[in-house]
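Me: I am new to this structure and would like a close look at one part of it. Please take me through that part slowly, in one connected answer.

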Amino acid sequence: MLEVKNLQFHYHKQPVLQNVNVQIELGKIIALVGENGSGKSTFLKLLANLLQPSSGQVLLNGSETTRASLAAIAFMSDDQHYYSYLTGDQLFTFFDTQFHDFQKAKAQDIANCLRIDLTKKISTMSKGNISRLKLAAAFGRDVSYYLLDEPFSGLDPLVREDVVKSLIQFVDLEKGTILMSTHEIDDVSRIIDEIMVLKDGKIIAHENVDDVHSVHGMEAKEWFTSFYKNKGRTEDE
Amino acid sequence: MGIDFEKDRPIYLQLVERICGELVSGSRKPGDKLPSVREFALEVGVNTNTVQNVYKQLEQMELTETKRGQGTFITPDSSKISSMREELKEQLIDRFLNNVEMMGFTQGEVLQTLKERSER
């Protein structure tokens, strides 16, 4: 389990995340949603040990995370400047030298499924192709936690469908969890187990999707929208 | 992708109902093998946890049996399917009659129209 306790993160004295407490269990697909600037990317980077908390803890199976924890965590950034001087093939070869859990054949499989030409230089690829390549590289690793920052950004709707399918196909939920930030709740609502809502640096909800359906009688996106608005209102009063 | 779902009810419930419907209509028969969890997940476009949950529900309803190492099968006992069929029919009628009353119609006039329809 990945666990966050009283996490605070400040950037130049500006609070970005405040008092975040959350538990991320193994074997789930979880959507992390919230407006731009709500702290989603920062939160994922803190989980991946790419940023250090100002205070509080990130625990992996009970012990505080270190650089070594990255052996159990794959992080896909939404950075567009991504190994632009390499081809897809070269990228996978590089990953192979960096991560002992990387399975080149699996990554190539996923790349094929997502119809990416691995002989092309990344600098010549479209935004959508780069996103798909990054996904293939991330899922090529055999880890417990896949943290994906905006895996659907820059993808047109048809390709998004392929990507959603690849999430089902290539991640074994008996061994792994996917936590992904996204704006496209509609695309993922049918494949997620849980939804986590960040607003102004705080986790304001973490719900099981079946409960959203049966207790609130709503679809994830509808619930999120109304919840997000109402939560803002009650806190302002 | 896969099949469409209603937006206001848990997906696993809708899938359970869908399989029940297939049993009622006979497109799945007693003794048939169900696809593996992963195959089914990809076919309908949901995650494997959801399908696990669907298979668990079906097993609790005694509509399926899991054979070790072979997979999940529809029960060969057709009486279990018939009783589910009856139950489903009752539920459907309850839901319908609830709506009828809520809209202010009487059961009598609805029955009349149903009769006329079936004679058409």
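In what order do the elements of chain B run from the N terminus on, and how do strands E1 and E2 of chain B pair?

Reply: This is a predicted model, in which local features need pLDDT of at least 70 and side-chain atom pairs count only at pLDDT 80 or more, while totals for chains, interfaces and linings use all residues. Residues are numbered from 1 along each chain as its sequence is written, chains are lettered from A and ligands numbered from 1 in the order in which they are written, and side-chain values use heavy atoms, with hydrogens and water left out.

From the N terminus on, chain B runs α-α-α-β-β-α-α, where helices (H or I, at least four residues) and strands (E, at least two) are DSSP runs numbered from the N terminus. The two strands, E1 (residues 64–67) and E2 (residues 71–74), pair in the antiparallel sense over 4 bridges; strands count as paired if DSSP finds at least two bridges between them. One of these bridges joins Thr64(B) to Ile74(B) in E2(B). The hairpin has 3 residues between its strands, and Gly69(B) takes a positive phi near 75 degrees there.
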